[in-house]
Amino acid sequence: MATNKTLLMLPGDGIGPEVFNQVRRVVDWMAKNRSINFDLKEGLVGGACYDVHKQAITDETMQDALDADAVLFGAVGGPQYDNVERHARPEAGLLRLRKEMDLFANLRPAVVFDALLDASTLKPEVIQGLDLMIVRELTSGVYFGEPRGMQDYNGVERCIDTQAYTKAEVERVAAVAFDLARKRNSRVHSVEKANVMETGIFWRKTVTELHASGGYQDIELAHMYADNCAMQLMKNPKQFDVIVTDNLFGDLLSDAAAMSTGSLGMLPSASLGAADENGQRKALYEPVHGSAPDIAGQDLANPSAMLLSFAMMLRYSFGLLKDADMVENAIQNVLKSGIRTGDIMAPGCTQVGTTGMGDAILAELDKLVG
Ligand code: NAD
Ligand code: IPM
Ligand code: MN
């Protein structure tokens, strides 16, 4: 890269810092072997920030995120924060980043590597060759709708969350899905519950209108109810190319799609904002999984989702396609060689920990660079 780009690193909690340590090694490797030099900044987020500042992200770190060329995020959360008020909980740090950076389009690809056909709970023939993209709306819907919270409802205690979408919010995420589909297999499934929800009816109408009037007639558009979509993802996931859906349904459906790939530890994501006049987007890259308290601190976590998120960053934010391919190929080759973390372990394979997986991926990168 001609000029150094700023990369803000936010490892977070639980397995976040563990998988992040493997990314640091690949960042160093890229500097040494590929002359890709980032200006690295690091910050606290989630419980790690709460422990020091009693909030899930500070204004300074938020500003660093807004100023960075890309943000790389590990995971946040943990049972020790279960009783912290919502606005200071670890998850609030991530939600603030998404909202203030206006990262409305969350790309969650589910790609099945041949080497992991045996790791999924689904039959090999159902998932072989699967390559689907879930585009999840990320800055609105029930995650952010007002009013929310406790209410006195005629003397009865009641609690409210609000699902709300503006036309512009639906249009901009649907446009991202159509544009992505055009570079893939030109098919979009728009997913909601128009059979029961007002916002579902509105979502379907808005997507249909944009499809017709926005120059997207070359894209095949289908509509599907979210409950059916969950079932179809288990039954026949290969029917999908791009799925576009709201914030909450996208959260659920992407965890479900993850199991086709063998493990939540395999699923990366990119959260993108609107393109500026130079085509640059604010962006945050993170694995789909959380802080996994059940395996944290034991060198058990699969770092693949984190490293694949880094590869997405190289590709989407910096146009470093060859280097992104290299990271992805290194991971695939390691899996092919039978080296596995516990979550994707299969008979005849060799089990390694988080660091061991990092060792194997770096050795493979060395081979690929020649
Ligand atoms: P989780 O994703 O942390 O874990 C779900 C299951 O998947 C666990 O059994 C875990 O061991 C396993 N798993 C997840 N990542 C793995 C990996 N890389 N390698 C191997 N196994 C892996 O979800 P959860 O248990 O529901 O949530 C735990 C905490 O994480 C909560 O506080 C939650 O709010 C938070 N969370 C954060 C994010 C995020 O930071 N983006 C995402 C999801 C959940
Ligand atoms: C995710 C997580 C987050 C979400 C939480 C941690 C706020 O589950 O990124 O999938 O619900 O969006
Ligand atoms: Mn989730």
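Let me start with Asp 299, which counts as partly exposed because it has 16 C-beta neighbours inside 10 Å. On this scale a residue with 20 or more other C-beta atoms within 10 Å of its own is buried, one with 12 or fewer is exposed, and partly exposed is in between, with C-beta atoms placed from the backbone. This is a predicted model, where local features need pLDDT of at least 70 and side-chain atom pairs count only at pLDDT 80 or more, while totals for chains, interfaces and linings use all residues. Residues are numbered from 1 along each chain as its sequence is written, and chains are lettered from A and ligands numbered from 1 in the order in which they are written.

Asp 299 lies in the loop between S12 and H10. Such labels are DSSP runs numbered from the N terminus: helices are H or I with at least four residues, strands are E with at least two. The phi of Asp 299 is near 60°, a positive value in a residue other than glycine.

Ala 292 is found in the loop between strand S12 (281-287) and helix H10 (304-316). Its phi is near 40°, again positive in a residue other than glycine. Is Ala 292 buried or exposed? Ala 292 is buried, because 23 other C-beta atoms lie within 10 Å.

One backbone point elsewhere: a cis peptide bond, with omega about 0°, joins Glu 146 and Pro 147. Pro 147 belongs to strand S6 (residues 145-153).

Now the domains. The assignment, which is automatic or from a database, gives domain 1 (1-111 + 266-370) and domain 2 (120-261). Their C-alpha centres lie 24 Å apart. The contact takes 18 residues from domain 1 and 23 residues from domain 2, where contact means C-beta atoms, placed from the backbone, within 7 Å. On the domain 1 side, helix H4 (90-100), strand S4 (105-111) and strand S11 (268-275) each give two or more residues. The largest share, 7 residues, comes from S4.

Last, ligand 2. Which residues are around ligand 2? They are Gly 77, Glu 91, Leu 94, Leu 95, Asp 251, Val 288 and Gly 290, taking a residue as near if its C-beta atom, placed from the backbone, lies within 6 Å. H4 gives the largest share of this shell, 3 residues.

Key:
Contact = placed C-beta atoms within 7 Å.
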